[in-house]
Amino acid sequence: MAARTLTRLRALHDWWRGVIGADLYDRYLDHHRRSGHDHPPMTEREYWRARTAYQESNPQGRCC
């Protein structure tokens with residue numbers, strides 16, 4: 001029973017990270033790895049700065 005509860009909590013945690021966008025850097029790293037780029041991936045700090053800069057220069061519909 002404890003293993004099933006832990007599995008469900010992990011699934012809930014992963015789902016929540018997806019909802020709030022906290023998994024975006026992990027998804028970027030996965031994409032970078034699968035795409036076979038010849039340069040190293042951005043650091044997490046570089047990624048979030050680039051993403052924020054892109055969002056500021058290309059505004060889209062947002063809830064807030």
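These legends walk through several close-up views of a predicted model, one region at a time.

Residues are numbered from 1 along each chain as its sequence is written, and side-chain values use heavy atoms, with hydrogens and water left out. Because this is a predicted model, local features need pLDDT of at least 70 and side-chain atom pairs count only at pLDDT 80 or more, while totals for chains, interfaces and linings use all residues.

View 1. Welcome to the protein chain, which has 3 helices and 0 strands. Here helices (H or I, at least four residues) and strands (E, at least two) are DSSP runs, numbered from the N terminus. Read from the N terminus on, the order is α-α-α. Along the principal axes, the C-alpha atoms fill a box of roughly 50 × 35 × 20 Å. The radius of gyration of the protein chain is 16 Å, whereas a compact globule of 64 residues would have one near 11 Å. That radius is taken over C-alpha atoms, and the globule rule is 2.2 Å times the number of residues to the power 0.38.

View 2. Of the 64 residues, 11% count as buried. Buried means under 20% relative accessible area, exposed over 50%, and partly exposed in between (1.4 Å probe, protein chains only). The chain carries 11 positive and 8 negative charges, and their mean positions are 7 Å apart. Lys and Arg count as positive and Asp and Glu as negative, with His and the chain ends not counted; each charge is placed at NZ of Lys, CZ of Arg, CG of Asp or CD of Glu.

**View 3. A nonpolar patch that includes Trp16.** Look for Leu9, Leu12, Trp15, Trp16, Val19 and Ile20, which together make a nonpolar surface patch of about 650 Å². Patches are made of residues with over 30% relative accessible area and no salt bridge: like charges are joined within 9 Å, and nonpolar side chains (Val, Leu, Ile, Met, Phe, Trp, Tyr) within 5 Å. Tryptophan 16 sits in helix H1, which covers residues 2-20. With a relative accessible area of 44%, tryptophan 16 is partly exposed.

**View 4. Arginine 17 meets aspartate 26.** The whole structure holds 2 salt bridges, a salt bridge being a side-chain nitrogen of Lys or Arg within 4 Å of a carboxyl oxygen of Asp or Glu. In one of them, the side chains of arginine 17 and aspartate 26 come together at 2.6 Å, N to O. Arginine 17 is partly exposed at 23% relative accessible area, and aspartate 26 is partly exposed at 41%.

View 5. Arginine 34 is exposed, with a relative accessible area of 61%, whereas aspartate 30 is partly exposed, at 33%.

**View 6. Leucine 24 in helix H2.** Leucine 24 has its place in helix H2 (residues 24-35). Its relative accessible area is 16%, so leucine 24 is buried. Between the C-alpha atoms of leucine 24 and glycine 61, 37 residues apart along the chain, the separation is 19 Å.

**View 7. Methionine 42 in a loop.** Find methionine 42 in the loop between H2 and helix H3 (44-57). At 29% relative accessibility, methionine 42 is partly exposed. From C-alpha to C-alpha, methionine 42 and tyrosine 28 are 9.2 Å apart in space and 14 residues apart in sequence. Alanine 2 counts as exposed, at 61% relative accessibility.

Notes
Areas by Shrake-Rupley, 256 points an atom, 1.4 Å probe, with all protein chains shown as cover.
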